[in-house]
Amino acid sequence: MINLSLLQNLSSASVLVVGDVMLDRYFNGDSQRISPEAPVPVVKISKIEDKAGGAANVARNIAHLDGKVGLLGIIGNDSAGESLQQLLAGEQIHSELFSQQHKPTIAKMRVVSRQQQIVRLDQEEMFSLADAQLLAERFATVFQNYDVILFSDYNKGSLQQISQMIKLAKAAGKMVLVDPKQADLSVYAGADVITPNLGEFKTAGGKTGSVEEMLSSARELMQKAGLASILLTRSENGMSLITATEHYHFPAQVLEVSDVTGAGDTVIATLAVMLSAGMSLHDATQLANLAAGIVVGKVGAATVSPEELAAKLNKDLFRQGDFYQTPFDKVLQHIKFARQNGERIVFTNGCFDILHAGHVRYLAQAKALGDRLVVGLNSDASVRRLKGEQRPINTLEDRATVLASLASVDWVVPFGDDAAENDTPLKLISTILPDILVKGGDYSIETIVGADVVIAHGGEVQVLTFVDGRSTSKVIRKIQDLQGNN
């Protein structure tokens, strides 16, 4: 079983990403007619969105999993390069992208209508050997600062010196991961893990006629190229981790695919973070497989948060009584990342002392109003002040564990230890500034704590009706009545 306590330690992960960085630009709009000039759809653009792509998206995935990440790559002296650097700065990624004069920043432009790609336009030229050598020289000065080295090869020229960089990293005892694109896998000699997809595996000489043939050919390639293991991503068939003596198959976790863009980036990024945090290769692969299932259910080159991984594992978390509690500063960072992905943040609060069906339905309705739900949870001291000395029935940790196990809840944030806060979440709301503030019960918007703050920042306030006949007090009275009758 996965050592879930290591999920609390992701900020200790330290990964250097080296490779082909790109700018992903999305032109989003609606298409309702065919052009009179040619049989193609006309898309009326309503929004243009830039995202980090390629090796930069790998680094972005690592940052969103709380890992310390550095990024080395090559860009052009152009507006696309400037946009990419600004994006990375906003993602708290330490990037060292050097600009060369002769080639453009690699850019992939996608026209999207109703969450479907219409066309992709690529702007790119192969970087020179001299540029790749400069990258390798810079690598030699910084790689010692990281525990895991990850090479993201899109065959655009940045990694023409990858063999010498791997040798340097392995001589220093670093773990090396590679997302490969070369047909000759020997250029990655010394790597601990490479992560080809089926197409890349076949191009390199792998055979997939049967599972036995796949395993046999993978081991032949590993021995010939000097590789320790292969993590083969097999689309709807999941993943296969293959070493010289063992193999493990992980079934696909996704129920509905929205977009596979960047899924391979998420896999290797998650693998690197988990390995750097101390997980075994088997357990890190299992979590990478879960992350892939999450990210392909999203649109565009999306990312995965620690909370989403924890939610996927919530049955194990609940069974072990191991509530994954994210420090508040990290919650704020994850909320920022979610907003950068275009997600709307919903906030509600309460004591949630004995969780019942009314609570569960209420929280599901609150989550449905946006994309991510933050639950402010009264501390034990706050509940006593509000409900009396006999409350809470369940401790803060127990209440938080049960709440965190719900699919509707993304973050649980305690408040109220300071009596000066008057047992209200006002300070929490003012810090988070949710897009939607939700309260249950017979309230007017004017009487809801924090409503004025949210509205002043362009948000909205919603009042939901509690389910009749369900309340913690009634549950407690029923238990007391039963005890009295005995």
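What share of the contacts in the protein chain with a separation of 6 or more comes from residues 24 or more positions apart? I get 70% for that share, with contact meaning heavy atoms within 4.5 Å.

**Ground rules**

I am working on a predicted model, where local features need pLDDT of at least 70, side-chain atom pairs count only at pLDDT 80 or more, and totals for chains, interfaces and linings use all residues. I number residues from 1 along each chain as its sequence is written, and my side-chain values use heavy atoms, with hydrogens and water left out.

**Whole chain**

I looked up the secondary structure and found 17 helices and 18 strands in the protein chain. Both are DSSP runs numbered from the N terminus: helices are H or I with at least four residues, strands are E with at least two. Of the 486 residues, 51% are buried. Here buried means under 20% relative accessible area, exposed over 50%, and partly exposed in between, with a 1.4 Å probe and protein chains only.

**Helix α2**

I checked the length of α2 (residues 79-90) next. Its 12 residues should span 16 Å at 1.5 Å a residue, and I find the end C-alpha atoms 17 Å apart, which agrees. The expected span is 1.5 Å times one less than the number of residues.

Which residues of α2 are buried? I list Ala80, Gly81, Ser83, Leu84 and Leu88. They cover an arc of only 160° around the axis, so they sit on the same side of α2; the arc is that of the directions from the helix axis to the C-beta atoms. On the face turned away from that buried side I find the exposed residues Ser79, Gln86 and Ala89. The cover over the buried residues of α2 includes β2 (21-34), β3, α1 (55-64), β4 and β5. Just past α2, I noted glutamine 92 with a positive phi of about 60°.

**Helix α3**

I ran the same check on α3 (residues 129-142). Its 14 residues should span 20 Å at 1.5 Å a residue, and the end C-alpha atoms are 20 Å apart, which agrees. Buried in α3 are Asp131, Ala132, Leu135, Ala136, Phe139 and Val142. Seen down the axis, these fall within an arc of 140°, so they line one face of α3. Ala130 and Thr141 are exposed on the face turned away from the buried side of α3. What do the buried residues of α3 pack against? I find β1 (14-19), β4 (68-76), β5 (94-100), β8 (148-152) and α4 (162-171).

I searched the whole structure and got three cavities of 30 Å³ or more. A cavity is a set of points on a 1 Å grid over the protein atoms alone where a 1.4 Å probe fits but cannot get out, and lining residues have an atom within 4 Å of a point. I join grid points across faces, edges and corners, and take the volume as the space filled by probe spheres set on the points.

The second largest cavity holds about 60 Å³. Its lining includes His64, Lys298, Glu308 and Arg372. I sorted the lining residues into three nonpolar, five polar and three charged. For that count, Ala, Val, Leu, Ile, Met, Phe, Trp, Tyr, Cys and Pro are nonpolar, Asp, Glu, Lys and Arg are charged, and the others, Gly among them, are polar.

Which helix gives the most to this lining? It is α11 (residues 328-340), with three residues. I find 13 residues in α11, reaching 18 Å from first C-alpha to last, close to the 18 Å expected. Buried in α11 are Val331, Gln333, His334, Ile335, Phe337 and Ala338. Glycine 342 follows α11 with a positive phi near 85°.

**Single residues**

Alanine 63 lies in α1 and counts as buried at 9% relative accessibility. Leaving aside neighbours within four places in sequence, I see alanine 63 in contact with Val69, Glu91, Ile93 and Phe337. Its C-alpha is 9.3 Å from that of valine 273, 210 residues apart along the chain.

Is lysine 156 buried or exposed? At 15% relative accessibility I count lysine 156 as buried, in the loop between β8 and α4. With neighbours within four places set aside, its contacts include Asp20, Glu124 and Glu125.

Serine 46, in β3 (residues 41-54), counts as exposed at 66% relative accessibility. Not counting residues up to four places away, serine 46 touches Asn28 and Gly29.

Definitions and conventions: 1 Å grid on protein atoms, 1.4 Å probe; cavity = no way out; pocket = protein on both sides within 12 Å on 5 of 7 lines; lining within 4 Å.
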